[in-house]
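Me: I have a structure open and would like to go through it piece by piece. Can you help me read it?
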Amino acid sequence: EDSCNSGSQNFADAYATMRDALNATKRPIYFNLCWGDGETIARVGKTLGNEWRIAVDDGGGWTPIIQNVEVDNDLHMYSGPGGWNDPGLLIAGFENAKLTDNQGRTQFNLWSILAAKLLISGDPRTFSAYTNEIYTNPEVIAVDQDPLGRQGRRLTSPGNATNPGEVWGRELHDGAWALLFFNN
């Protein structure tokens, strides 16, 4: 459900109306809310749908991806089984994405730590072997789909010019942790 150009209508009321209509069909339908304003939607997301956009579209390259990751990091407590924060689409291999191969791999790995949906923006028939390798990595997919469903977060201070390294982590169902070492 995209709320662009919705005018002055209250987003929560509009999403509740759509949620109720979808539920009335008695079919299992995954309902993604596209509002994109961080905590406002995250606080009520599970009452309205299955997933909610937490920030801007990420199709403009690396900078919006990192901005969305920063927003999502602070919203980890709202995400889990039954409702998920949505930092955006995966854009590695998409010709207009302006990502390097390493940035595309990093986005996929970050999304798995964030328990984000792995929805690809692009035509898989045009992907390079490298991009296909990114999107079919069974270990990374297993982290994303871990049944505990707990969203990960940054475990160290944010990187900076002097110390760009960060450690991200996510607890898994068996008590283990998936860790991501990220140098931005």
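Me: Start with helix α1. Which of its residues are buried?
Reply: In this predicted model, the buried residues of α1 are F11, Y15, A16 and L22.

Me: Where do they sit around the axis?
Reply: They are on the same side of α1, because they cover an arc of only 130 degrees around the axis. As a general point, an α-helix has 3.6 residues a turn, so residues three or four places apart point the same way.

Me: And what is exposed on the other side?
Reply: D13, T17 and A24 are exposed there.

Me: What do the buried ones pack against?
Reply: Two elements: β1, residues 32-33, and α2, residues 39-48.

Me: How far does α1 reach?
Reply: The helix runs over residues 11-24, which is 14 residues. From the first C-alpha to the last it reaches 20 Å, close to the 20 Å expected at 1.5 Å a residue.

Me: What goes on at the start of it?
Reply: N10 has a side-chain oxygen there that comes to within 2.8 Å of the backbone nitrogen of A12.

Me: What follows α1?
Reply: K26 does, and its phi is positive, near 65 degrees.

Me: Which other residues have a positive phi although they are not a glycine?
Reply: K98 is one of them, with a phi of about 60 degrees. Another is A115, at about 55 degrees.

Me: Where is K98, and is it buried or exposed?
Reply: K98 is in the loop between β3 (84-86) and α4. With a relative accessible area of 64%, K98 is exposed.

Me: A115, then: buried or exposed?
Reply: A115 is buried, because its relative accessible area is 6% and the cut-off for buried is under 20%. A115 is found in the loop between α4 and α5.

Me: New topic. Which residues touch the most other members in the largest nonpolar core?
Reply: I65, V69, L110, W111, Y135, W168 and F182. The core has 25 residues.

Me: Take V69. What does it touch?
Reply: Leaving out residues up to four places away in sequence, V69 touches L110, W111, L114 and W168.

Me: What about a second core, which residues does it include?
Reply: F11, Y15, A55 and Y78 are included in a separate core of 14 residues.

Me: What does its side chain reach?
Reply: The side chain of N68 reaches the backbone oxygen of P87 at 2.8 Å.

Me: Which residues does N68 touch?
Reply: I54, A55, V56, D58 and P87, again not counting residues up to four places away in sequence. A55 is also in the second core.

Me: Now salt bridges. How many are there?
Reply: The count is seven. In general, side chains of opposite charge can pair when their charged atoms come close.

Me: What is the partner of R19?
Reply: R19 forms a salt bridge with D20, and their closest N and O atoms are 2.9 Å apart. R19 counts as partly exposed at 23% relative accessibility, and D20 counts as partly exposed at 42%.

Me: And R125?
Reply: R125 forms a salt bridge with D123, with the closest N and O atoms 2.7 Å apart. R125 is exposed at 75%, whereas D123 counts as partly exposed at 26%.

Me: Which pair links distant parts of the chain?
Reply: R150 and E171, which are 21 residues apart. R150 is in the loop between α6 and β4 (153-154), while E171 is in strand β5, residues 165-171. The closest N and O atoms of this salt bridge are 2.5 Å apart. R150 is partly exposed at 40%, and E171 is partly exposed at 24%.

Me: Which residues are joined into one network?
Reply: E70, R154 and E166, through salt bridges that share partners.

Notes
Residues numbered from 1 in each chain as written. Predicted model: local features only at pLDDT ≥ 70, side-chain atom pairs only at ≥ 80, totals over all residues. Heavy atoms only, no water. Core = buried A, V, L, I, M, F, W, Y, C linked by side-chain atoms within 4.5 Å. Buried < 20%, exposed > 50% of the residue type's maximum accessible area, 1.4 Å probe, protein only. Contact = heavy atoms within 4.5 Å. Helix = DSSP H or I, 4+ residues; strand = E, 2+ residues; numbered from the N terminus. Expected span 1.5 Å × (residues − 1). Arc of directions from axis to C-beta. Polar contact = N/O pair within 3.5 Å; in protein donor to acceptor, adjacent residues only side chain to side chain. Salt bridge = Lys/Arg side-chain N within 4 Å of Asp/Glu carboxyl O.
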